[in-house]
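Hi,

Here is the structure I promised to pass on. Have a look first, and my notes follow below.

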Amino acid sequence: MRFKIVLLVRNEAFGNVLPVSYQFELSSCIYRKIMDNRTDYLNWLSKNGFSEDTNLKHKLFSISNLYIPKIKVEEDRLHILTKRIQLWVSFLPERGTEEFIMRIFSNQMMLIGDKYSQVEFMVEGIEKCPEQEWSGYVDYLALSPIVISLPRINKSVEYMNPEDPNYSKTLLHNLLDKYSHFYGRPYQGETECEFELLSQPKRKGIFIKRFTKDETKVIGYMYKFRIKLPIVLHKLLYNTGLGDKVGLGFGCVERIKIPVED
């Protein structure tokens, strides 16, 4: 279940400058809003057959990048040059989700940023997006960088390029692991996965916990792609994101229609 959230930029509070790498700060802000309503949150999870532990390894939601119509970038700072921006948030649970989201986000203030620059937003509007109809092949666009990581022997991490021949196999493994985690049982259906890039991947280096002792850099990619999956895995991908580190603000995707050439 997906929602579009319209945010009013309150320049008068802290200004209009965000870090370019804001994904971690955005996801932390969203999660804080959810946890500020802990009783409602636990009731919502229970109503949908999930426990709080279900949301630990993999998140039950995904978050897009901020859609900012007009910006100016100076070094590692992003200047917002518009009064309103948008983002999209998707959730796997469906029972009571619309009421839950409206209750915790409507007319709320959201403070996003790092130690050097922050922006305060007010939630001006929340709109439930139309439900999707699914088929085997679906075309998607990354709304936030898609991250696929593999551990190395020396305990470092390798970030996979979507053009890697093993990329689709790793994507499928990630989805199957997520399914098992959420539903408490292995996926038993068809596991055929066909993956095709529809655009040149754009590499994005995003800092996590910038200017702290725990600072790291994550490599993700923005691209369009076509993938064939069983319907249940399409729903999982769409609502809970694709790849690793979704809970840190990565892997949100949107369905698109690719024009047919004559």
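Two strands count as paired here if DSSP finds at least two bridges between them; strands (E, at least two residues) and helices (H or I, at least four) are DSSP runs, numbered from the N terminus. This is a predicted model, so local features need pLDDT of at least 70 and side-chain atom pairs pLDDT 80 or more, while totals for chains, interfaces and linings use all residues. Residues are numbered from 1 along each chain as its sequence is written, and side-chain values use heavy atoms, without hydrogens and water.

On confidence (pLDDT, the predictor's score for each residue from 0 to 100), the protein chain averages 92. The lowest mean, 75, is in helix α4 (residues 54-57), and the highest, 98, in strand β5 (residues 77-80).

Now the sheet: 5 strands make an open, antiparallel one in the order β3-β6-β1-β8-β7. Because β3 (61-63) and β7 (109-113) are at the edges with a single partner strand each, one side of each has no neighbour in the sheet. Strands β1 (residues 2-9) and β8 (residues 118-128) run antiparallel and are joined by 7 bridges; Lys4 has Glu127 in β8 as its bridge partner.

What else did I find? By class (Ala, Val, Leu, Ile, Met, Phe, Trp, Tyr, Cys and Pro as nonpolar, Asp, Glu, Lys and Arg as charged, the others, Gly among them, as polar), the lining of the largest pocket has 14 nonpolar, 4 polar and 1 charged residues. The lining of the second largest pocket has 11 nonpolar, 4 polar and 6 charged.

Best wishes
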